[in-house]
Amino acid sequence: MTDRVVVAGAVYDQGRLLAARRSAPPELAGRWELPGGKVEPGESPRDALVRELREELGIETEPGERVPGAWPLGRGYVLHVWTARVLSGEPRPLQDHDELRWLTHAEWDTVDWLEQDVPAVVEALRHF
Ligand code: DCM
């Protein structure tokens with residue numbers, strides 16, 4: 001059985017990383033993540049990331065490189081992360097999130113990340 005991929009973006013701008021605080025579901029609410037979502041059948045991971053960031057944050061992005069690694073989420077899902085730069089728009093929490101924050105490298109651990117996002121964030125910070 002192959003795990004389904006959840007793709008998330010290490011969205012960066014001027015050396016800062018975008019963190020998003022989840023508002024749902026209740027068991028994840030209040031925790032911070034790299035924004036993203038499930039890759040749909042037949043969809044490429046890059047296309048899924050662009051779609052999710054548009055839906056959730058109202059921004060147009062260009063995915064860069066895949067951040068090396070794959071982080072199990074349980075229940076048959078695995079997290080993959082790609083860097084992404086903002087092409088247009090100012091991110092706003094439109095769905096699933098209630099707060100966004102741009103973090104410098106020094107600030108990366110000032111928010112309460114979902115456990116599985118911690119190693120992904122640490123790895124992502126080495127790639128921009
Ligand atoms: N998820 C995660 N870390 C991320 C993005 C998503 O752990 N950076 C998890 C939360 C959900 C699942 O993946 O259980 C699907 O995400 P969504 O509900 O945003 O589609």
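Colleague: Before the numbers, what counts as a pocket here?
Modeller: On a 1 Å grid over the protein atoms alone, a pocket is an open set of points with protein on both sides within 12 Å along at least five of seven lines. The model itself is predicted.

Colleague: Fine. How much space lies in the largest pocket?
Modeller: About 530 Å³. The lining has 25 residues, and the closest to the pocket's centre are Val6, Arg22, Leu28, Lys38 and Leu73.

Colleague: Which helices and strands supply at least two residues of that lining?
Modeller: Strand S1 (4-13), strand S4 (36-38), strand S5 (60-74) and strand S6 (77-88) each do, and so does helix H1 (45-57).

Colleague: On to the ligand. Where does the ligand sit?
Modeller: The ligand is in the largest pocket. There are 15 residues around the ligand, and Arg22, Glu33, Leu34, Gln116 and Asp117 come nearest. Arg22 is also among the residues closest to the centre of the pocket.

Colleague: What does the side chain of Arg22 do there, in terms of distance to the ligand?
Modeller: An N or O atom in the Arg22 side chain is 3.1 Å from an oxygen atom of the ligand.

Colleague: Which residues are 2.7 Å from a nitrogen atom of the ligand?
Modeller: For Leu34, a polar backbone atom is at 2.7 Å from a ligand nitrogen. For Asp117, an N or O atom in the side chain is 2.7 Å from a nitrogen atom of the ligand.

Colleague: How much of the ligand does the protein bury?
Modeller: The protein buries 86% of the 440 Å² that the ligand exposes when taken alone.

Colleague: Which strand gives the largest share of the shell around the ligand?
Modeller: S4, with three residues. S1 and S4 each supply at least two. By class, the shell has seven nonpolar, five charged and three polar residues.

Colleague: Changing topic to the backbone. Which peptide bond is cis?
Modeller: The bond from Ala24 to Pro25 is cis, and its omega is near -15 degrees. Pro25 is in the loop between strand S2 (16-22) and strand S3 (32-33).

Colleague: And which residue other than glycine has a positive phi?
Modeller: Gln14 has one, with phi near 50 degrees. Gln14 is placed in the loop between S1 and S2.

Colleague: Why mention those two at all?
Modeller: Because most peptide bonds are trans, and most residues other than glycine have a negative phi.

How values were computed:
Residues numbered from 1 in each chain as written. Predicted model: local features only at pLDDT ≥ 70, side-chain atom pairs only at ≥ 80, totals over all residues. Heavy atoms only, no water. 1 Å grid on protein atoms, 1.4 Å probe; cavity = no way out; pocket = protein on both sides within 12 Å on 5 of 7 lines; lining within 4 Å. Points joined across faces, edges and corners; volume = space filled by probe spheres on them. Helix = DSSP H or I, 4+ residues; strand = E, 2+ residues; numbered from the N terminus. Near = heavy atom within 4 Å. Polar contact = N/O pair within 3.5 Å; in protein donor to acceptor, adjacent residues only side chain to side chain. Areas by Shrake-Rupley, 256 points an atom, 1.4 Å probe, with all protein chains shown as cover. Sits in = over half its atoms within 2 Å of the grid points. Nonpolar A, V, L, I, M, F, W, Y, C, P; charged D, E, K, R; others polar.
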